Amino acid sequence: MKTFDDYLDYLYGRGGSNGKPGLDKIRMLMDLLDNPQDKIQTIHIAGTNGKGSTAKMLASVLEKKYKCGIFTSPYMEEITEEISINGIDITKKDFMAYTDRIKVYVDRLDEEGHHVTYFEFITAIMFLYFYEEGVDVAVIEVGLGGIFDSTNVIKKPLACLITSISMDHTNILGETLGEIASNKAGIIKEGVPVYVYPQKDEAMNVIRDVAKIKNAKLSVLNEDEIKIIKSDISGNEFIYKDHHIKTSLRGRHQILNASLALLALDGLKDQFKLSQKDIEEGIFEAYNPGRLELINENPRILVDGSHNKESIDALIESLSQFSYDKLIIGFSVLGDKDHKYIIEKIGKLADKLVITFIDDNPRALDTESIRKEAEEFVKDIEILEKIEDAYAYTKSSAGEDDLIVWCGSLYLVGKILTINKADK
């Protein structure tokens with residue numbers, strides 16, 4: 001009898017697309033499934049940073065009155081986290097059952113020379129599950145990029161959102177901000193309103209051009225309409241237009257993410273009847289694991305999946321709003337990220353740097369390479385290869401008023417969340 005891990009091994013083994021990017025295979029698969037994605041209402045979100053948090057806030061509000069599905073990736077601890085309805089993740093039993101059903105069609109496509117990838121398969125599970133569960137609306141986060149992402153089989157969403165765009169995955173999405181923005185803007189559809197986070201001119205000009213070609217009404221978040229009341233380790237409080245909002249999600253960047261969600265909700269008020277109370281409570285209750293999440297009070301431990309320039313900058317800005325004595329940073333990073341920039345930024349901030357190794361990721365940067373890059377910026381460095389040992393060491397090293405932050409990789413943060421739960 002197959003176990004859940006057997007199913008995961010099968011899916012992971014399908015890998016990614018090594019050939020020319022495109023939507024042909026996912027369209028073939030969805031045709032065989034009778035195109036469930038065309039039978040549900042959707043909100044589609046792309047961006048480099050903030051799309052997961054924005055998606056979580058939107059879904060948290062919508063589920064106050066509606067049956068709302070949400071698709072986000074990557075997961076922190078369990079793959080089932082990626083597919084959820086009204087805060088309840090798909091069960092392992094259902095996940096396996098949908099995998100079995102869809103595999104029949106995937107096998108047929110494989111035989112015809114159309115290899116379905118891991119993410120295309122997961123996307124198919126998600127759309128079919130949401131349709132058969134009868135969601136009123138689904139908030140769909142792009143996996144990577146936009147134009148060629150398998151979620152982009154959606155023909156006409158209710159709205160498209162584009163969060164902050166920065167340089168990441170340049171080997172796939174493009175080597176300039178404009179090229180990356182063009183890829184993200186690929187989710188914009190004919191006549192569908194698009195709501196956009198404030199961008200650098202190079203990115204914004206591309207988005208404007210695509211929106212014009214697609215006759216899509218463009219609404220850009222105006223930061224001047226946001227009045228920040230407070231931002232600290234407890235969260236944020238701010239006023240945006242006529243909304244007085246508190247967030248549990250920490251970091252000043254979450255104020256912009258929340259405001260983008262509010263801008264879109266204002267635009268969707270004819271489709272969704274939501275009270276001010278629904279909106280305020282929904283934003284406050286939104287939870288996105290691994291994003292400036294406080295996982296322990298004594299000592300205080302924050303985990304943050306920041307792993308590129310912009311997200312590390314946002315983390316550092318957020319930490320400037322928090323009070324602490326010494327800052328202990330637990331860290332690992334993937335070698336294909338801009339690790340020199342990341343290590344310099346956190347090295348200059350850390351009183352102690354604890355380096356570990358993500359042993360099950362072939363892209364992980366080895367600990368000695370990290371140490372060599374970090375020693376110019378921080379003197380107190382400890383290397384512990386096993387993540388469990390490194391986590392325990394940071395806890396034992398912290399004083400009452402110190403702050404521990406684990407960052408550098410979503411893969412690392414996922415492991416820390418699992419270890420922390422086991423410790424409780």
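1. N215 is placed in the loop between α8 (201–213) and β8 (218–220), where helices (H or I, at least four residues) and strands (E, at least two) are DSSP runs numbered from the N terminus. Its phi is near 55 degrees, a positive value in a residue other than glycine, and at 53% relative accessibility N215 counts as exposed, a label that stands for over 50% relative accessible area, with buried meaning under 20% and partly exposed lying in between (1.4 Å probe, protein chains only).

2. On the basis of these remarks: this is a predicted model, in which local features need pLDDT of at least 70 and side-chain atom pairs count only at pLDDT 80 or more, while totals for chains, interfaces and linings use all residues. Residues are numbered from 1 along each chain as its sequence is written, and side-chain values use heavy atoms, with hydrogens and water left out.

3. Two cis peptide bonds deserve a look in the backbone trace. The bond from S73 to P74 is cis, with omega near -5 degrees, and P74 is found in the loop between β2 (68–71) and β3 (83–85). A cis peptide bond likewise joins N298 and P299, with omega about 0 degrees, and P299 lies in the loop between β12 (293–297) and β13 (300–303).

4. The structure holds 8 aromatic pairs, a pair being rings of Phe, Tyr and Trp (its six-membered ring) whose centres lie within 6.5 Å, with planes under 30 degrees apart counted as stacked, over 60 as edge-to-face and the rest as tilted. Y66 lies in the loop between α3 (51–62) and β2, and F272 in the loop between α9 (253–267) and α10 (276–285), so the pair ties together parts that are 206 residues apart in sequence. Both Y66 and F272 are buried.

5. Ring pairs also link Y98, Y129 and F130 into a cluster.

6. Charges over rings complete the note. K2 lies over the face of Y7, at 4.5 Å from the ring centre, and the charged end of K309 sits over the ring of Y341, 5.0 Å from its centre; the criterion is NZ of Lys or CZ of Arg within 6 Å of the ring centre and within 35 degrees of the ring normal.
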